[in-house]
Structure formats: structure tokens, C-alpha cells
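Welcome, and please open the model in your viewer. We will take the tour one selection at a time.

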Amino acid sequence: MKKFLAMVMIAAMSFGAVTSSYALPQQKAKHTKKDGTPDMRYKENKQHLKKDGTPDMRYKENKKKKTK
């Protein structure tokens with residue numbers, strides 16, 4: 001009986017952990033390809049980064065604002 005209760009408790013906790021991850025808000029791109037990755041043809045999916053991961057300073061949204 002103790003083993004049965006232990007198995008039920010483990011199953012209940014693992015089910016709760018799995019379902020709680022689905023309840024978290026996920027950032028989703030509006031336009032995706034069939035495999036689920038963002039479609040980079042659309043403006044809202046583009047990230048202006050260089051290959052090393054740093055922001056590309058050629059784009060306005062990555063430039064720092066000048067202060068006086």
C-alpha cells in the first residue's frame with residue numbers, strides 16, 4: 001500500500017510539473033515556418049544581431065541615444 005501511495009504521489013507531482021510549464025506565457029512569433037521557427041521574412045521576427053550575438057549598430061533600434 002505504501003508503494004502504491006508513493007507511486008501516486010510521484011505521478012501527481014510529475015503531472016503538475018509538466019502542465020505548469022504549459023501555463024507559462026511563451027513568446028511566439030506571429031509568422032512561423034512549418035517547423036515552428038520564426039519566419040525571418042517578416043519585420044517583427046527580425047533580430048539585428050551580428051554572428052557573434054552582439055547588436056548590429058547599423059540599425060536604428062540598436063543605436064544608443066545621444067545625451068547632452
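Start by selecting phenylalanine 4, which sits in helix α1, residues 2–23. Helices here are DSSP runs of H or I with at least four residues, and strands are runs of E with at least two, numbered from the N terminus. This is a predicted model: local features need pLDDT of at least 70, side-chain atom pairs count only at pLDDT 80 or more, and totals for chains, interfaces and linings use all residues. Residues are numbered from 1 along each chain as its sequence is written, and side-chain values use heavy atoms, leaving out hydrogens and water.

Is phenylalanine 4 buried or exposed? Phenylalanine 4 counts as exposed because its relative accessibility is 54%; buried means under 20% relative accessible area, exposed over 50%, and partly exposed in between (1.4 Å probe, protein chains only).

Now show the whole chain. The protein chain has one helix and zero strands. Of its 68 residues, 4% count as buried.

Next, select aspartate 56, in the segment after α1. Aspartate 56 is buried, with a relative accessible area of 9%. Show its side chain together with that of arginine 58: the two make a polar contact at 2.6 Å. Such a contact is a pair of N or O atoms within 3.5 Å; within protein, one must be able to donate a hydrogen and the other to accept it, and residues adjacent in sequence count only if both atoms are side-chain atoms.
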